[in-house]
Amino acid sequence: SNFYSLIQVFIVAIFAVKWIGLVLPFVLVISTMLVSRASNALKETVRLFSTTNSPILSYMGETINGTSTIRAYERQNDFIDGFHKLLNDNILASQMRAGVTGWFTIKVDMMAIGLMFLMTMICVLCRDFTDPVILAMLLSYTMTI
């Protein structure tokens, strides 16, 4: 739905001021580069998270099955320390995934703010020879980005 909303904003912008269509290819190229870069990073962090999640589950299963032996040899602390190490690795991978998502969100927000600034400046510069109602509609649609 966000994609269609963005297309709607560009259609109204091109209808209001024809030469805004010259900006559209640059926006598409920048957004395509951003999405491809972020999707590769997110894919790798999800893979890393899955890789660190699997040993935790198997470690817990093995620990539960061998509880009586672990207690008999008084090795509880060794297994707790091992679990904490695996859990720390998993939490680190989860934080990396959250960091990549946050990085992508900040980049998209910066691009949207730049686009809103550009559209606002175009509306201000074109106020003398374009219908003010269409410019107002363009500004209100631009704020939805």
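**The loop between α3 and α4**

I began with E74, which sits in the loop between α3 and α4. I kept in mind that this is a predicted model. Most residues other than glycine have a negative phi. Is E74 buried or exposed? I looked it up: E74 is exposed, at 67% relative accessible area.

**Salt bridges**

How many salt bridges does the structure hold? I found three.

R75 pairs with D78, with the closest N and O atoms 2.5 Å apart. R75 is partly exposed at 44%, and D78 is also partly exposed, at 38%.

R47 and E44 meet through their side chains at 2.9 Å, N to O. They are about one helical turn apart, because three residues separate them in helix α2. I noted R47 as partly exposed at 47% relative accessible area and E44 as partly exposed at 41%.

K85 bridges to D89, and here the closest N and O atoms are 3.2 Å apart. These two are four residues apart in helix α4, so about one helical turn lies between them. K85 is exposed, since its relative accessible area is 52% and the cut-off for exposed is over 50%. D89, at 33%, counts as partly exposed.

The largest pocket has a volume of about 540 Å³. I got 20 lining residues for the largest pocket, with N2, L6, V108, M111 and I145 lying nearest its centre. Helices α1, α2 (24–65) and α4 (76–125) are the elements that each give two or more residues to that lining. By class, the lining of the largest pocket splits into 15 nonpolar, four polar and one charged.

The second largest pocket holds about 190 Å³ of space. Its lining includes Y59, M60, I64, R71, F79 and F83. For the second largest pocket, the elements giving two or more lining residues are α2, α3 (67–72) and α4. I counted seven nonpolar, three polar and one charged residues in the lining of the second largest pocket.

**Surface patch**

Which residues make the nonpolar patch? F3, Y4, I7 and I11 do, and the patch covers about 470 Å². I placed I11 in helix α1, residues 2–16. I11 counts as exposed, at 56% relative accessibility.

Note on methods: Residues are numbered from 1 along each chain as its sequence is written. This is a predicted model: local features need pLDDT of at least 70, side-chain atom pairs count only at pLDDT 80 or more; totals for chains, interfaces and linings use all residues. Side-chain values use heavy atoms; hydrogens and water are left out. Patches are made of residues with over 30% relative accessible area and no salt bridge: like charges are joined within 9 Å, nonpolar side chains (Val, Leu, Ile, Met, Phe, Trp, Tyr) within 5 Å. Accessible areas come from the Shrake-Rupley method with a 1.4 Å probe; for residues, only the protein chains shown count as cover. A salt bridge is a side-chain nitrogen of Lys or Arg within 4 Å of a carboxyl oxygen of Asp or Glu. Buried means under 20% relative accessible area, exposed over 50%, partly exposed in between (1.4 Å probe, protein chains only). On a 1 Å grid over the protein atoms alone, a cavity is a set of points where a 1.4 Å probe fits but cannot get out, and a pocket is an open set with protein on both sides within 12 Å along at least five of seven lines; lining residues have an atom within 4 Å of a point. Grid points are joined across faces, edges and corners, and a volume is the space filled by probe spheres set on the points. Ala, Val, Leu, Ile, Met, Phe, Trp, Tyr, Cys and Pro count as nonpolar, Asp, Glu, Lys and Arg as charged, and the others, Gly among them, as polar.
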